[in-house]
Amino acid sequence: MSTSPAKSPMRDALVAAAFQLFLERGYEQTTVDDIVKTAGVGRRSFFRYFPSKEDVVFPDHEQALAQMQEFLAASADTDDPLVRVCDATRQVMRMYADNPTFSVQRYRLTREVTGLRTYELSVVWRYEKTLGDYLRTRFADRRDGTLRANVVAAAVVAAHNHVLRSWLRSGGQGDPLAEVDRALQFVRDTWNPAGAGAEDPADRADEDVVVVITRRNTPMWRVVREMESSLGDG
């Protein structure tokens, strides 16, 4: 079986060489020529895998994003959409947790380089957009579908990033997967407490509303009887 570019040993060697130099010299002081020389390959090999120096800092996100898109596209109509996006987001956390040393090194590097923080924000936005696109499709029959999709996608990403940053700041200590499960459960409990079949509040707009006006000291049994009478049950 041939090795795909995403799993190429040469690609891994370029990433390892880049981070070795970033740690030794600093990000700004390291050039692509420095990286390829340390890795023992040519410039063309570098740009085969990475469009820019920034991309070598985030070598796994393109693949993770593609896997998220595939996972969501494979969703069945019977799947709870909120559970599905939470499961997709958990896969991203697993990517970080599978290589804690690299994840912590990258986090520290992005805290030092403004350009990398900007790049990182663009990556986060792409994850959120992917989740939002999926949810807008699943919530298309709701009156508040677009709003709900955008807000839920943002909430899921915020929950994930809250746990991720805490874990990275700790130096990669603890179990981030267990923590992100708790955070994502909080999102599910907040936005879908009744399960996948939760009713759209706007669908109740045509229901009858009964207003009973009575004196403050009216006995409760009389208030109830007046309500039943208004509803035609008396």
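Reader: Helices here are DSSP runs of H or I with at least four residues, strands are E runs of at least two, and both are numbered from the N terminus. Which helix gives the most to the lining of the second largest cavity?
Author: That's H7, residues 100–112, with 3 residues. Keep in mind that this is a predicted model, where local features need pLDDT of at least 70, side-chain atom pairs need 80 or more, and totals for chains, interfaces and linings use all residues. Residues are numbered from 1 along each chain as its sequence is written, and side-chain values use heavy atoms, without hydrogens or water.

Reader: Ok, who's in that lining?
Author: Tyr96, Ser103, Arg106, Tyr107, Glu120 and Leu168 line the second largest cavity (a cavity being 1 Å grid points where a 1.4 Å probe fits but cannot get out, with lining atoms within 4 Å of a point). By class, the lining has 3 nonpolar, 1 polar and 2 charged residues (Asp, Glu, Lys and Arg are charged; Ala, Val, Leu, Ile, Met, Phe, Trp, Tyr, Cys and Pro nonpolar; the others polar).

Reader: How much space is in there, and how many cavities are there of 30 Å³ or more?
Author: The second largest cavity holds about 30 Å³, and the count comes to 2 cavities of 30 Å³ or more. The largest cavity has a volume of about 60 Å³. Volume here is the space filled by probe spheres set on the points.

Reader: What lines the largest cavity?
Author: Asp55, Phe58, His61, Glu62, Leu65, Tyr119, Val123, Arg126 and Tyr127 do. Helices H5 (61–73) and H8 are the elements that each give two or more residues to that lining. H8 has the largest share, 4 residues.

Reader: Switching to packing. How do H6 and H8 sit against each other, and which residues touch?
Author: The axes of H6 (residues 81–97) and H8 (residues 114–138) come within 10 Å and cross at roughly 165° (axes are fitted to C-alpha atoms over the stretch in contact, with angles from 0 to 180 degrees between N-to-C directions). H6 and H8 are therefore roughly antiparallel. On the H6 side, the contact (heavy atoms within 4.5 Å) is made by Pro81, Arg84, Val85, Ala88, Thr89, Val92 and Met95, and H8 brings Tyr127, Leu131, Tyr134, Leu135 and Arg138. These divide into 9 nonpolar, 1 polar and 2 charged.

Reader: And H8 with H9, what's the angle there?
Author: H8 and H9 (residues 145–169) cross at roughly 140°, with axes within 8 Å. The pair is therefore oblique (under 35 degrees is roughly parallel, 65 to 115 roughly perpendicular, over 145 roughly antiparallel, and the rest oblique).

Reader: Which residues meet in that one?
Author: From H8, Val124, Glu128, Leu131, Gly132, Leu135 and Arg136; from H9, Thr146, Ala149, Asn150, Val152, Ala153, Ala154, Val156, Val157 and Asn161. The contact of H8 with H9 has 9 nonpolar, 4 polar and 2 charged residues.

Reader: Back to H7. How does it meet H8?
Author: The axes of H7 and H8 come within 5 Å and cross at roughly 115°. Leu109, Thr110, Arg111 and Glu112 of H7 meet Thr114, Leu116, Arg117 and Glu120 of H8. That contact has 2 nonpolar, 2 polar and 4 charged residues.

How values were computed
1 Å grid on protein atoms, 1.4 Å probe; cavity = no way out; pocket = protein on both sides within 12 Å on 5 of 7 lines; lining within 4 Å.
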